[in-house]
Structures are given as C-alpha cells and as structure tokens.
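Hi,

Here is the structure I said I would pass on.

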Amino acid sequence: MTAAESTTNARERARLAHLVEYLLTERAVLLAVLLVVVLVWFKVLQAGQYLVAPYDLGYLASALESLVPLCLLALAELLVIVSGRGGIDLSVGAIVSLAGMAFGFCVAGGWPVPLAMLVCLAAGTLLGAVNGVLTAYLRFPPLIATLATYYAYSSLAMVSNDRAPISTEPVQRLSALTRPIDVFGLYVPRHVFTILLPCLVLVWLVVNRSTYGRKLYAVGTNDVAATFAALSVARVRLAAYTGAGLLAGVVAVVTVAQFASARPDAGTVGNGMALPAITIAVLGGVAIQGGIGTVGGVAMAALLVTWLNAGLLLAFEGSEGSQYQLLALGVVLVGSALLNTISLRRYG
Amino acid sequence: MTTVAHRLQARRPAARPIEGQELALLGVLVVLWGVLGLATDTFLTGSNLQAILFNVAPIALIGIGMTAVIVTAGIDVSVGSAVAVVMVVVAKLIRDVGVPAPLAVLVAVALGVCLGAINGGLVAFGRIHPIIVTFATLNVFRFVALRIFDGRQVTGVPDTLGSLGGGADGRIWGLPTAWLLAVLLGAAMWWYMRSWPTGRHLYAVGGDVRAARLAGVRVRRRLVFAYVLTGALVGLAGCVLIGSGGLVSQNAGEGLELQVIAAVVIGGTSIMGGRGTVLGTMLGALLVGTVTSAVTLLGWPSELTPLFVGVFILVAVGADLVRARRRKAR
C-alpha cells in the first residue's frame with residue numbers, strides 16, 4: 001500500500017466518523033433517515049402484496065389525524081423534562097380528560113364555541129399550574145406530584161358527569177373542526193394546519209427564540225448555576241408545567257372535536273396518553289436528566305411513530321397490528337435511549 | 001461530652017424499630033377504621049375485612065419488591081404488564097395442561113424472574129434511566145401478553161390456585177393466605193433490608209451511587225437483585241390474582257403499577273432513593289385498600305377512590321418533605 005492510498009483511507013475513515021457523530025448528535029437528522037427507511041420498507045411490503053391496503057400518500061395524510069395529540073403532548077413533555085430535577089408529567093392524559101369535560105359542559109350548555117375553547121385552555125393551564133406549584137415551589141418530586149394529580153384529575157373527570165360522555169347535538173357539531181381539507185388532491189385533517197402547525201411554531205419560538213427558552217435550558221442543565229445567575233428557578237419551572245397544561249388543553253379541544261364527544265376517560269383509558277407522549281419525547285432526543293432536547297427532534301419522532309403505527313396497522317390483520325404497535329414503541333424507546341447514552345458518553 | 005451525645009443522637013433513628021411516617025400512618029389507619037366502623041354497619045365485619053386484606057395482598061406483594069427498587073433510586077412501571085404475562089401463561093397452563101398448583105407457582109415465579117431480569121439487566125448494564133427502561137418493557141410485556149391471549153380472554157380457569165385465592169379455600173384461621181404470605185415475605189424483606197449488609201447496600205446505592213461503588217458495593221448486582229425480586233413477587237401476585245380461577249381478561253394488571261407505587265410512596269419511601277421501609281409500604285397498601293373499600297361502603301361513586309389516593313400521596317410526601325427540611329435545619 002502506498003503512502004498516498006493510506007492517507008485517503010484515513011481521510012475517508014475520518015469522514016465516516018464525522019458522519020456517525022453527526023447522525024448520533026443531531027437526533028432530528030437520524031430520525032429523518034429512519035423515517036425514510038420506514039417509508040421505503042412499507043412501500044416494499046406493499047409491492048410484495050403483504051399489506052391489506054395500499055400504504056400510499058392518501059393513507060399517510062389521513063394518518064396525520066393521530067399525529068396531532070401525540071405531537072402536542074410530546075411537546076408538553078419536552079418543556080417539562082427539559083426543565084430538569086427529574087421533570088416529568090404523568091398527568092397530561094388526565095388533564096386532557098378533565099379539560100375536555102369542561103369543554104363539553106360549556107358547549108352543551110349553549111356557550112359560543114370560541115368561549116368554550118378559552119375555558120378549556122384555561123382549565124388545562126390551571127391544572128398544569130397546580131403541577132407547577134407542587135413541583136417548583138413546594139418541591140415535590142415531579143414523578144410523585146404528577147402521579148397524585150393524575151389520580152385526582154382523572155377521578156374528577158370521571159365523577160363530573162357520572163362516568164357518562166357528553167355527546168349532545170352541539171358537541172357533535174364540533175367534528176367540523178377536524179374535517180379533512182383538500183390539499184393538492186390529498187385529504188389532510190383540518191386541525192393539522194389550524195392547530196398543530198401554529199402550536200409547533202409557537203413552541204419552537206418560545207424554546208429557541210425567546211429569553212424564556214434560554215432560561216429553561218439553563219435551569220434544566222444546572223439549577224444551582226442558574227440560581228447564581230439570578231434566574232428565578234422556581235418561576236421558570238412553574239411556567240414549564242403551566243405550558244404543558246396549556247398544550248394538554250389544546251389536545252382536549254382536538255380530542256373532543258375528533259370524537260364528537262367529551263369522554264371522561266379520553267386521556268386515561270388503557271395506558272393513557274402520557275406514556276406514549278413521554279416515549280416520543282425521549283425518542284426525539286430529550287434527555288430525562290433535563291436541559292437537553294429540541295422541538296425538531298420531538299416533531300420528527302412523533303411523525304416517525306405515527307407513520308410506523310399506520311404501516312403496522314396495514315401489515316397485520318385484525319387487532320394484531322395494534323399489538324405490534326406496542327412492541328415497536330417499546331423497542332424503539334429502548335433503542336433510542338441506548339443511543340442517547342452512547343452518544344452522550346462518546347461525544348459528551 | 002457533646003460529641004458523645006451528638007453521636008448517640010445521630011445513631012438513634014437507625015435503632016428505632018418504627019419511624020415517624022409509619023407511626024403516623026398507623027394512627028391514620030386506626031382512626032379511619034374507627035370512624036368507618038361507627039359510620040357503617042358493614043365495615044368492621046369479618047367478611048369485609050377479609051375482602052380488604054385479600055385485595056391488598058397483590059399490591060403489598062409487589063410493593064415489597066418495588067420498595068427495594070425505589071430505595072435504589074429506581075422505579076418499575078412495567079409490573080402491571082408483567083402481571084398480565086404471568087397471568088395469561090399460568091391460566092392457560094392450568095386450564096389446558098392441567099398443571100398442579102406447586103408447579104404453577106414455580107412457573108409463575110420463574111417467568112416473573114425472567115421479566116425482572118430484563119428490566120434489571122437494561123438498568124444495570126445498559127445504563128438507561130429506569131423509568132425509560134420500564135416504560136419500554138411496559139409496552140413490550142403487554143405485547144407479549146396480548147400475543148399469548150391470542151385475541152380472546154381466558155375463560156373457565158379451574159380453581160387449582162384456590163388456596164391463594166379469595167374464596168373459602170384461601171384462608172388460614174380466617175385470614176386470607178395471600179395476605180399472610182405477603183406479611184411473611186414483607187417481614188423477611190424488612191429484616192433483610194434493615195440488618196443484612198447486602199440489604200443495607202440497597203440504601204447505599206440509592207443514596208449515592210458513586211460513593212457506594214467506591215465503598216465496594218457491587219452496584220450492578222444490587223440493582224439486578226432489586227428488579228429480579230420485583231419480578232419474582234409479580235409472579236406470586238399473578239397467582240393470587242388468578243386465585244379461584246374463572247376469567248382472566250386482556251386488560252389484566254392495567255394500572256396496577258400506579259397503585260403499587262402509590263402504596264410505596266404513601267409508606268414514606270423517598271422516590272429519590274436511599275430512604276424507606278417495607279413496613280411503610282405494607283401500611284400504605286392497607287391504607288389504599290381501606291379507602292377503596294370505604295368509598296364503596298359509603299355508597300360514593302367508586303371513581304372517587306383515585307382522588308383520595310392522590311390526596312394521600314400528596315399528604316404523605318408533603319409530610320416527608322417537611323420533616324426532611326427540619327432534619328436539614330437541625
């Protein structure tokens with residue numbers, strides 16, 4: 001081997017190492033690659049006639065319906081987990097249930113819809129603020145505080161209308177909010193544009209382009225240092241939990257409209273909405289220790305999981321698809337956490 | 001002189017057999033039972049108390065392991081799904097193969113140990129945060145259970161495990177066998193965590209991992225032990241839940257993890273690790289069981305139970321926080 005050859009080899013190896021580092025540290029890029037892999041994989045399965053229905057653009061567009069709650073709640077977990085000190089919010093699903101019931105009561109009581117929406121958002125904000133006061137000011141461990149409020153909120157939601165859903169005529173009319181619209185021949189659920197995108201941009205602006213965002217990361221990375229930098233640590237954390245509650249309130253509006261009914265167990269039935277949201281946040285590169293995580297990563301993770309789930313539903317007959325979704329979620333979560341550990345250890 | 005007094009004072013809490021939070025819990029329980037006995041005719045009857053103790057048994061059993069896990073600053077949210085796996089496997093074995101009771105229990109515990117070893121291995125060797133690991137296995141175990149259910153709930157399970165169940169066969173001296181088993185194992189674990197070196201190491205790992213490692217504690221082994229023990233107890237709890245047989249439905253064990261964690265936390269175990277006892281967990285489980293029964297007997301909607309559980313968690317942890325602040329101030 002000549003000297004020139006060995007230097008080109010070394011250069012290539014260095015370039016490869018750079019690429020690996022880039023993929024491991026830029027979570028959104030890695031997820032985009034994975035997303036392409038998933039799309040191609042299901043396309044291949046479709047070509048081999050393994051799917052029960054075509055995995056085409058129309059199907060992917062309609063699958064975006066389940067992206068909205070998933071993505072919004074994962075963003076809520078992003079705010080809370082980034083704020084540090086073991087930040088986590090188990091109660092978001094219960095907030096969705098309770099705020100949704102408040103929304104249902106207002107609409108069924110003949111209030112104008114925009115006013116009822118405001119009430120719903122305010123209810124979510126208030127419930128999130130309760131979490132925030134408990135964790136930030138009274139210094140409860142977040143896992144415990146939100147476990148307790150999960151219990152309390154879900155119980156109140158169930159009792160509020162004696163276990164019955166509210167699905168009177170005015171509530172049913174809300175489904176117009178989520179009716180699909182025609183985008184270049186594709187039927188995309190309306191609330192992807194009217195609710196998800198504005199919220200995504202808003203959270204991105206708050207996290208990346210506001211002083212509050214800088215404070216949030218500072219507090220999450222090292223709250224002692226943040227205290228000495230004259231930041232009000234408790235207030236920043238309170239705002240994070242309150243923001244998470246607000247986002248859960250938005251999800252409550254979406255969920256009620258989508259099902260044309262305010263169900264008291266909307267966010268807590270089965271494993272609830274909180275566990276998938278936390279899973280997606282972690283998959284999106286949010287470190288559970290706090291201070292690390294991006295909006296782009298979380299949004300990509302939500303999209304990946306949505307389209308993966310949609311594909312799995314087609315790959316199996318009957319309820320098997322939804323069972324394999326559980327497996328996929330678990331495996332992807334452990335995989336991404338292992339990836340987080342490795343990339344943190346190697347690239348600090 | 002002052003140093004001697006200081007040292008004595010510092011040592012006293014460790015020598016006390018029962019701690020403040022446990023005493024307070026005991027007081028709450030006594031008051032609650034007294035009030036409920038006066039308020040209803042049915043609370044302090046034998047059959048109701050038997051029902052409460054039996055319903056508490058699975059939570060207390062898993063709580064024993066969960067206490068160890070949380071003391072090491074970990075958490076296991078996968079126990080509900082793990083219970084579902086154990087239940088469906090054992091129920092099918094009993095019904096379709098006719099496995100005798102001792103073998104069924106053995107299989108259940110072995111299966112639980114395997115599931116726990118997956119959690120423990122990932123936590124100790126994968127160095128992933130326990131809540132992430134067990135969130136993932138919560139999904140995976142539920143998937144495994146649903147695959148074995150094969151789209152149908154298991155019906156017509158014979159009462160092979162009746163001696164652990166809630167029926168008349170499942171009682172010794174009028175007390176539910178399952179509860180007696182939980183008390184026995186709880187007492188053993190309480191003694192182990194209190195007096196054995198390896199038991200104390202669990203607290204060391206939870207208090208400060210690095211200090212524990214430098215002091216020669218085999219951190220990984222302790223971590224795996226805590227999760228495997230939880231798995232084994234999940235196996236036993238699964239047997240109790242199958243009990244007198246009948247039906248095992250696909251949503252078996254859903255939400256159980258939160259009840260167990262609630263019992264542990266109400267019992268005074270710190271979620272940050274390093275502090276807590278099995279005795280507290282047993283009392284916490286009993287409190288949750290009492291509240292559940294009381295809400296039903298008072299004729300309130302059963303959905304109110306979680307509200308009370310939530311409030312109890314906040315009060316218990318709040319009291320602990322106040323005492324921790326006082327300890328620091330002293």
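Let me start with a term: helices (H or I, at least four residues) and strands (E, at least two) are DSSP runs, numbered from the N terminus. The expected span of a helix is 1.5 Å times one less than its number of residues. Helix α4 of chain B (residues 79–97) shows how that works: its 19 residues should span 27 Å, and the end C-alpha atoms are 26 Å apart, which agrees.

Some housekeeping before the rest. This is a predicted model, where local features need pLDDT of at least 70 and side-chain atom pairs count only at pLDDT 80 or more, while totals for chains, interfaces and linings use all residues. Residues are numbered from 1 along each chain as its sequence is written, and chains are lettered from A and ligands numbered from 1 in the order in which they are written.

On confidence: pLDDT is the predictor's confidence in each residue, from 0 to 100. Chain B has a mean pLDDT of 85, with 94% of its residues at 70 or more. Its residues 1–13 are below 50, and beyond near neighbours in sequence that stretch has 0 contacts in the model; a contact here means that the C-beta atoms of two residues, placed from the backbone, lie within 7 Å. Where pLDDT is low, the predicted coordinates should not be read in detail. For the complex, the predictor gives an ipTM of 0.82 and a pTM of 0.87.

Now the two chains. Chain A has 15 helices and 2 strands, and chain B has 13 helices and 4 strands. The radius of gyration is taken over C-alpha atoms, and the globule rule is 2.2 Å times the number of residues to the power 0.38. For the 348 residues of chain A a compact globule would come out near 20 Å, and chain A has 22 Å, which agrees. For the 330 residues of chain B the rule also gives a value near 20 Å, and chain B has 20 Å, which agrees. The C-alpha atoms of chain A fill a box of roughly 85 × 60 × 35 Å along the principal axes; for chain B the spans are about 70 × 55 × 35 Å.

How much is buried? I call a residue buried if 20 or more other C-beta atoms lie within 10 Å of its own, exposed if 12 or fewer, and partly exposed in between, with C-beta atoms placed from the backbone. Buried residues make up 49% of chain A and 52% of chain B. Back in helix α4 of chain B, 14 of the 19 residues are buried, so this helix is largely enclosed by the rest of the structure. B:Gly98 follows it, with a positive phi near 75°.

A nonpolar core is a set of buried Ala, Val, Leu, Ile, Met, Phe, Trp, Tyr and Cys residues joined through C-beta atoms within 7 Å. The largest one has 225 residues, and A:Ala74 and B:Ile313 have the most contacts inside it. Helix α12 of chain A (residues 233–259) brings the largest share, 17 residues. Leaving aside neighbours within four places in sequence, A:Ala74 touches residues including A:Ala277, A:Ile280 and A:Val298.

Where do the chains meet? In chain A, 34 residues are in contact with 37 residues of chain B. Helix α7 of chain A gives the most to this side, with 12 residues. The chain A side divides into 23 nonpolar, 9 polar and 2 charged residues (Ala, Val, Leu, Ile, Met, Phe, Trp, Tyr, Cys and Pro count as nonpolar, Asp, Glu, Lys and Arg as charged, and the others, Gly among them, as polar).

Finally, some loops in chain A. A:Arg139 sits between α6 and α7 and has a positive phi near 60°; A:Arg139 is partly exposed, with 14 other C-beta atoms within 10 Å. A:Asp162, between α7 and α8, has a positive phi near 55° and is exposed, with 9 such atoms. A:Pro264, in the loop between α12 and α13, is buried, with 26 other C-beta atoms within 10 Å.

Cheers
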